[in-house]
Structures are given as structure tokens and as C-alpha cells.
Amino acid sequence: MNDLNLQARQLETDRLFMREAIAEAVKAAREGEVPIGAVIVLNNQIIAKAHNLREMNGDPTAHAEILVLREAAGLKGHWRLTGTTLYTTLEPCPMCAGAMVMARTGRLVYGASDPKSGAAGSIMNILQDPRLNHRLEVTGGVLEKDCRELLQNFFKKRR
């Protein structure tokens, strides 16, 4: 199979799993949370799903990415999440990016970039910093319009 076919298949796979992350973000919005959702995939199977729960849990660390990493590690019985791909609707913040590095996540796919606190290339790039002991492959902009609209609509209703 040529490179173009492989890239097209990867993009379709990424869209499929990003739709699952978007479904989690919709759950967050229904609960009054900022609509960010995340899933972790291993061997083309979702092993964990989560969405923001900061308001509900009263926990500043209850970001979708942190929660999904915890769930996946619990299911695997180990903190190393080597070979996994984390899909999230918004470019991760520094806390979440750092957690992905520490978990040895293999790849990140995100929807909308975050020019205010994005740590996967927007304001910094923790995930690919050569000074750290682990780096992730990063793909951004998957279903970006859908992810961005979820956030924009949520904040329009709150203003």
C-alpha cells in the first residue's frame, strides 16, 4: 500500500476516534462543564473515555486528559501507556501534556488548537521537547471545526 493510502486510512481512523472524543465533550457540556472530551486507544480499540469534570468534582486537575489517563492506567494495571493514542478535542494544557509524557503515551491527536494555554505547539511544546525523556507523535486539527464550534457555542451561552 502506498503512503497516500496509509495517510488516508490514518486520517479516517483519527476522525472516527475524534468523534468519540467529541461525544464525551457533548456530555461535559450537558453537565455544565467546559466541553472537552478525550479517549485513549490501544490496538484500534478504545480502552478509556472521559470528559472534563472540574466543576462537578471541584478539582482543578479533573481535565478530560488527566481523567482518561487515570482510567487507562487503571485498566492496564500499569502507569506506562506505551503504544496508546490519546484523542482530545482541545490541544492539551501544560499539566495534561506533562502527564502524557510521564505516562509514556505514544501519540496525541487533538482537534482545536489552544492559543492561550496549548502545550502541543501553540505556546509551548512539552510533548516534543528534546530535553525530556519521552516524546510523542502529535497530530493536530482533526475535526477542528467541530471541536472549536462546541467550545464557542458553550461560551456564547454562558455570556
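I read the chain from end to end and noted the pattern α-β-β-α-α-β-α-β-β-α. Helices (H or I, at least four residues) and strands (E, at least two) are DSSP runs, numbered from the N terminus.

The model is predicted: local features need pLDDT of at least 70, side-chain atom pairs count only at pLDDT 80 or more, and totals for chains, interfaces and linings use all residues. Residues are numbered from 1 along each chain as its sequence is written, and side-chain values use heavy atoms, with hydrogens and water left out.

I checked burial next. Of the 159 residues, 44% count as buried (under 20% relative accessible area, 1.4 Å probe, protein chains only).

I then looked at the pockets. A pocket, on a 1 Å grid over the protein atoms alone with a 1.4 Å probe, is an open set of points with protein on both sides within 12 Å along at least five of seven lines; lining residues have an atom within 4 Å of a point. Volume is the space filled by probe spheres set on the points, which are joined across faces, edges and corners.

The largest pocket holds about 540 Å³. I found 22 lining residues, with Val34, Leu90, Asp114, Leu151 and Phe155 nearest its centre. Helix H5 (residues 144–158) gives the largest share of that lining, five residues.

The second largest pocket has about 150 Å³. Its lining includes Gln10, Thr13, Asn43, Asn44, Tyr87 and Arg107. Helix H1 (3–30), strand S1 (37–42) and strand S3 (85–90) each give two or more residues to this lining.

Definitions and conventions. Buried means under 20% relative accessible area, exposed over 50%, partly exposed in between (1.4 Å probe, protein chains only).
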